[in-house]
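Biologist: Before we go through this model, I would like each label to be set against its definition. Could you take the terms one at a time and say what each rests on?

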Amino acid sequence: MKRLFLINCRQPMVNAFGRLGCEVRSVHSTERYFDVAAKLAELEFVPDIILQQENLGRRVFLTGLRELDCLKIFWSVDTHLNMHWHGLYGSLFDGVLTTQKKYVSRLEKCCEAKIHWMPWMGGHPGPETGTAAGLIPYGKREHDLTFVGRVSPERRARQWFVDFLKSGYNLHLVEGLNYSAMMEVYRQTRVVPNESIFGEVNFRLFEACSCGCAMVTPDAGPELGELFDIGREIMVYDDVLELKEILDRFERDPDYAAMMGLAGYERVMRDHLPDNRAAAILDFAEGLEKRSVSETEAGLLLCLVEAALGEAGDPVTDWPGLIKRLLALPQDFRRDGVLLRIFAVSGLKDLFLDVARSYMVRQDLEFDCYFCMSASLAALKLGMWDIAKHFWYSWRTRNPGEKASVPADEVSLLLLWGDELCRTGNTVRSGVTFNEVKGIPSCAADCYFAALYLVPGSLAVFKKLDAVFSGVKGAEPTRLGFLSHLSLHAPDDWRTSADVGITSLKAFRLTEGMEELKHARLLAAAEGRERFFHRKIGTELPRYFELVSED
């Protein structure tokens, strides 16, 4: 029998571990730092496994983990929004679970723990989900289409998604519901069209299928086909044309929609309940090995997490306290990279130089691309041009076979770092908004945005931004801004016009997308390039020619 200590796990998971024969202690905390060793001593409980589930509200960081001789697992729920700190925090644990399979490889690059895919789950209609038991017959349900979610100006794609649904369907739009009220609404709904932030497999998929709704969800990639039988249990779409086709078919053939809702429900009841996930977590734990994290490393990791959240806008970050904790740690390029960024943003030139000087005079100190970029662009913010160039050359001369480009000014240095970060795979930080005035870049997109702030309207920078965001699910509204600017300067370029049309359709702008593609086709035909237009559209909108008549 396994002894489990669960932190911020939902009650259905707590109950599931109990049904599997585990001895369970469960706590919920909103403390910024939660001393897990002290709490276990208070409870007089010695666990085999500690499992912390990410709290989607206030961040909770465990301390005292290294004092405990048991397995430690962190469940990253919103990996798609919190990669900027989950890899760091996860390195305190033996294992990290992520709800997003596509993020396993990304976490493996920045996290020392063993990474494993653990999808989210559904629930039985009944007392455990706060609803009446059983399914309501499909034909007796109150709502044709329901979307439960907050619509705000910050989420333009969701606004366009809702506008599209309102324009052609009887949409029931609700927000601000607690879990049981939301599930009761789904029980009364026939069809649930889903929308995601960054192309992730989200809660809504499992919640709606748990209530027997016919679900149409964004195509999140191969992992979705491992969770559901696409075409029988759920439907997927990649653009608004495909979404419209599916919703129209559901409307024409309610029996087909009802069968799909029932099939999706049966799949959840078979494979995607809390008991399934609890059993899978226990199986994962069987293959885990305990890791040893030193007190110094644990302290540094928590500081790095705090800094990452602070830079992302976390209002409760204690900057003076964080600086004090960092300075108490031994020299380490990860520590020093954070200090350089903090000192630069605060305008503390002398403190910046105290940290930077050793990396300028000694060749034996370890550093990486992110550190050199941080040091370089932090120096740039402080007006120290020679030092900014020094750290650029320090990084580029590590590759003796390549000649380092010479930065001519601030903009060229930002673009060089952006290109370098693209080359090393650090392109976009999902879930983090960069402040071009106050911030220091952390990824390629940040570098390009900072450059664009200095040279507004630069076509070269717009092209780099468009290339970075091309293909990034959820970034279509942002990319439309770049493409619109490019199209103004090249009104006869059919490729740019086609990209505007394609991106519009992926962002639920049906009328605008169709008009732009019609325009792009005419431009291509005028150049004798219509077959290239057909090839591009066939590649990027595979079903376009099936769903649309060009006459």
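**Cysteines, strands and the sheet**

Modeller: The sulfur of C372 lies 7.3 Å from the closest cysteine sulfur, that of C369, which is too far for a bond, since a disulfide is defined as a pair of cysteine sulfur atoms within 2.5 Å. This is a predicted model, in which local features need pLDDT of at least 70 and side-chain atom pairs count only at pLDDT 80 or more, whereas totals for chains, interfaces and linings use all residues. Residues are numbered from 1 along each chain as its sequence is written, and side-chain values use heavy atoms, with hydrogens and water left out.

Biologist: What keeps C443 from being bonded to C447?

Modeller: The sulfur of C443 is 7.2 Å from that of C447, its closest cysteine sulfur, and is therefore too far away for a bond. By this rule the count comes to zero disulfides.

Biologist: Why is C372 called buried?

Modeller: The relative accessible area of C372 is 1%, and buried means under 20%, exposed over 50% and partly exposed in between, with a 1.4 Å probe and protein chains only, so C372 is buried. C443, also with a relative accessible area of 1%, is buried as well.

Biologist: How do you know that both faces of strand 4 are covered?

Modeller: In a regular strand the side chains alternate between the two faces of the sheet. In strand 4, I49, L51 and Q53 on one side and I50 and Q52 on the other are all buried. Strand 4 spans residues 49-53, strands being DSSP runs (E, at least two residues) and helices likewise (H or I, at least four), numbered from the N terminus.

Biologist: What makes strand 4 a partner of strand 6?

Modeller: Two strands pair if DSSP finds at least two bridges between them, and strand 4 and strand 6 (residues 71-76) have five, in the parallel sense. Here L51 stands opposite I73, and the bridge partner of I73 in strand 7 is G95. Strand 1 (residues 3-7) also pairs with strand 4 in the parallel sense, over four bridges, with L4 opposite I49.

Biologist: Why are strand 2 and strand 8 said to stand at the edges?

Modeller: Six strands form an open sheet in the order 2-1-4-6-7-8, with parallel pairing. Strand 2 (23-27) and strand 8 (114-117) each have a single partner strand, so one side of each is left without a neighbour in the sheet.
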